[in-house]
Amino acid sequence: MSDEEVVTIHADGGCRGNPGPGGWGALLQAGDREKELWGSEPATTNNRMELTAAIRALEALKKPSTVHLHTDSQYLQKGISEWIRNWKRNGWRTASKQPVKNADLWQRLDELAARHQIKWCWVKGHAGHAGNERADALANRAMDELQRTRDCQ
């Protein structure tokens, strides 16, 4: 690894109902700088929100970077670290020849990941991991904001 500063990302997503209204959150940290990102979708799934959190965080990076991306989603961590090679080789089909779910997001994540040196780290969710708790709070904030907006219509 070079002397370049490592960007630490904590990404999380969730839904109230699955499918249902969902939110994602990401905390980006580099040196003494931090950036919080969050957003929501009115009808989505947990897995789509987990992927979206990572995508939005990587989109926020202005230059190729060394990244440690932390997620509590084994779907995200294993998907990008292990499963994606076979999916791509099989034309975005699973081993059972079914279309890969969320292929649009996996393809975008793969494109973004290629720009950076990323270590994909899994952390246990809701276990007191400070970065994960903050990302979870951002995802919940997004869902709360979505609910308030819907309540006012």
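Two strands are taken to pair if DSSP finds at least two bridges between them. Helices (H or I, at least four residues) and strands (E, at least two) are DSSP runs, numbered from the N terminus.

The structure described here is a predicted model, in which local features need pLDDT of at least 70, side-chain atom pairs count only at pLDDT 80 or more, and totals for chains, interfaces and linings use all residues. Residues are numbered from 1 along each chain as its sequence is written, and side-chain values use heavy atoms, with hydrogens and water left out.

**The sheet**

Five strands form an open sheet with mixed pairing, in the order β3-β2-β1-β4-β5. The edges are held by β3 (33–44) and β5 (117–122), each with a single partner strand, so one side of each is left without a neighbour in the sheet. On average, neighbouring strands of this sheet are turned by 20° against each other, direction ignored. Strands β1 and β2 (residues 20–30) run antiparallel and are joined by eight bridges; Gly13 has Trp24 of β2 as its bridge partner. Helix α4 (residues 130–151) packs on the sheet, where α4 touches β1, β2 and β3. The direction of α4 makes about 140° with that of β2; axes are lines fitted to C-alpha atoms, for helices over the stretch in contact, and angles run from 0 to 180 degrees between N-to-C directions.

**The annotated site**

The UniProt annotation "binding site", from an unreviewed entry, covers Asp12, Glu50 and Asp72. They span 61 residues in sequence, yet no two of their C-alpha atoms are more than 8.7 Å apart, so they gather at one spot. Such annotations may be inferred rather than shown by experiment.

Contact means heavy atoms within 4.5 Å. Not counting residues up to four places away in sequence, Asp12 touches several residues, including Trp24, Glu50, Asp72 and Asn132. With the same exclusion, the contacts of Glu50 include Asp12, Asp72 and Leu76.

**A pair of helices**

Helix α2 (residues 74–89) and helix α3 (residues 103–113) pack at an angle of about 95°, with their axes 11 Å apart. They are therefore roughly perpendicular to each other, a term for angles of 65 to 115 degrees. Among the residues making the contact are Leu76 and Trp87 of α2 and Trp106 of α3.

How values were computed:
Angles under 35 degrees count as roughly parallel, over 145 as roughly antiparallel, 65 to 115 as roughly perpendicular and the rest as oblique.
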